[in-house]
Amino acid sequence: MRELEELRRRYRPNPIKVLFVGESPPARGTSFYKGDSGLARYTKLSFQQMYSLPDLAMADFLHGFKAAGCYLDDLCLEPVNRMKASDRRATWKREVEPLARRLEADSPRIIVPILRSIESSVRQAAERARLLDRVRSALLYPGMGNHWRYVAELSRLLLELREASALPLSFL
């Protein structure tokens, strides 16, 4: 996990304009910032569609994601996706305060939960950090056949954020 956190930090923009908050790194060892997860692939596809870009290499997308002021953090910094549901929910509750401290320190302009089931935990953390007004509605996670709905939802959000000048007019 330390290696993944070091990789994540390399892609951390300063300032963070749009903070996406996932549930946790996957237990199988894939990572958004290694570019080998479904979340990375479908997020890249959303940015390509929204900015009318040709197919990008994952490394180029990740650098552009950072340059646009976007960052992905997780509610839980350790994998929870193989836990029993009750243990998973208990872990979410324990991780609200650490996320609140990170939100307070980072003060992102926009906060976007990625996974509807963690939205209330992300909102609790944002409220503790006095940033509740910056939280958008959660996106549907792109797993279990929902990838096209995720791409459509994220593409609409990206357009809205670009029109509100929260994202740059061009990508890369």
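Let me start with the contact between helices α2 and α3: A40, R41, T43, K44 and F47 in α2 meet M58, F61 and F65 in α3, where contact means heavy atoms within 4.5 Å. By class, this contact has five nonpolar, one polar and two charged residues. Here Ala, Val, Leu, Ile, Met, Phe, Trp, Tyr, Cys and Pro count as nonpolar, Asp, Glu, Lys and Arg as charged, and the others, Gly among them, as polar.

A word on the source. This is a predicted model, in which local features need pLDDT of at least 70 and side-chain atom pairs count only at pLDDT 80 or more, while totals for chains, interfaces and linings use all residues. Residues are numbered from 1 along each chain as its sequence is written, and side-chain values use heavy atoms, with hydrogens and water left out.

Back to the pair. Helix α2 covers residues 38-50 and helix α3 residues 58-67; they pack at an angle of about 70°, with their axes 11 Å apart. Helices (H or I, at least four residues) and strands (E, at least two) are DSSP runs, numbered from the N terminus. Axes are lines fitted to C-alpha atoms, for helices over the stretch in contact, and angles run from 0 to 180 degrees between N-to-C directions. The two helices are therefore roughly perpendicular, a term for angles of 65 to 115 degrees; under 35 is roughly parallel, over 145 roughly antiparallel, and the rest oblique.

Now F61, which sits in α3. Is F61 buried or exposed? Its relative accessibility is 0%, so F61 counts as buried; the cut-offs are under 20% relative accessible area for buried, over 50% for exposed, and partly exposed in between, with a 1.4 Å probe and protein chains only. Beyond its neighbours within four places in sequence, F61 is in contact with F32, A40, T43, K44, F47, L56 and F171.

F61 also belongs to the largest nonpolar core, of 54 residues, where F20, F32, Y33, F61 and L103 touch the most other members. Such a core is a set of buried Ala, Val, Leu, Ile, Met, Phe, Trp, Tyr and Cys residues joined through side-chain atoms within 4.5 Å. The largest share, six residues, comes from α6. Y33, leaving aside neighbours within four places in sequence, is in contact with L7, R8, Y11, L62, F65, Y71 and L72.

Last, α4 and α5. Their axes come within 8 Å and cross at roughly 40°, which makes α4 oblique to α5. Among the residues in this contact are W92 and L103 in α4, and V122 and R128 in α5. The contact divides into eight nonpolar, two polar and two charged residues.
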